Amino acid sequence: MERTGDDVAAAIAGVTPAARRRDAEALVALMRDVTGLEPELWTGKIVGFGEYHYRYESGREGDSPAVGFAPRKAATTIYLPDGVGAHEQALSRLGPHTTGVGCLYLKALDDVDLAVLRGIVETSFRTLTSGTYGHRARDGGA
């Protein structure tokens, strides 16, 4: 995955519908506060904060945002590279959401507990920035 160098504010300004744009603005503020970092756009229109380096047993390696999200039309995708299983207890208290192996999908930020979401983001960020992360979300996390 690569940084694009595109303007984050301009990208978010173009997000539709308006509710998804407001959610994106709120997530930028939350993730900026959690990480102490400024957002950058990555390929796939992902708004990312920081980076982590991964190296799998297969030898494949690369860099990705340590925490990030993508404001999609159907739902906002929050990326949890350490796997949603690492956050099972917190997710049970979050509110309405769906998940993939390493993704959390939220239709409306107003419907979830932001303190719980913040805790999930903090935990994931800490896990991903503690060193080279060599696992895949589907492999069960750290």
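## A walk around the protein and along helix H2

You are looking at a predicted model, in which local features need pLDDT of at least 70, side-chain atom pairs count only at pLDDT 80 or more, and totals for chains, interfaces and linings use all residues. Residues are numbered from 1 along each chain as its sequence is written, and side-chain values use heavy atoms, leaving out hydrogens and water.

Next, colour by secondary structure. You will find four helices and eight strands, in the order α-α-β-β-β-β-β-β-α-β-β-α from the N terminus. Here helices are DSSP runs of H or I with at least four residues, and strands are runs of E with at least two.

Now zoom out. The C-alpha atoms fill a box of roughly 45 × 35 × 25 Å along the principal axes.

Then select residues 18-35, which form helix H2. This helix has 18 residues and reaches 26 Å from its first C-alpha to its last, close to the 26 Å expected at 1.5 Å a residue (the expected span is 1.5 Å times one less than the number of residues).

Finally, step to Gly-36, which follows H2 and has a positive phi, near 75°.
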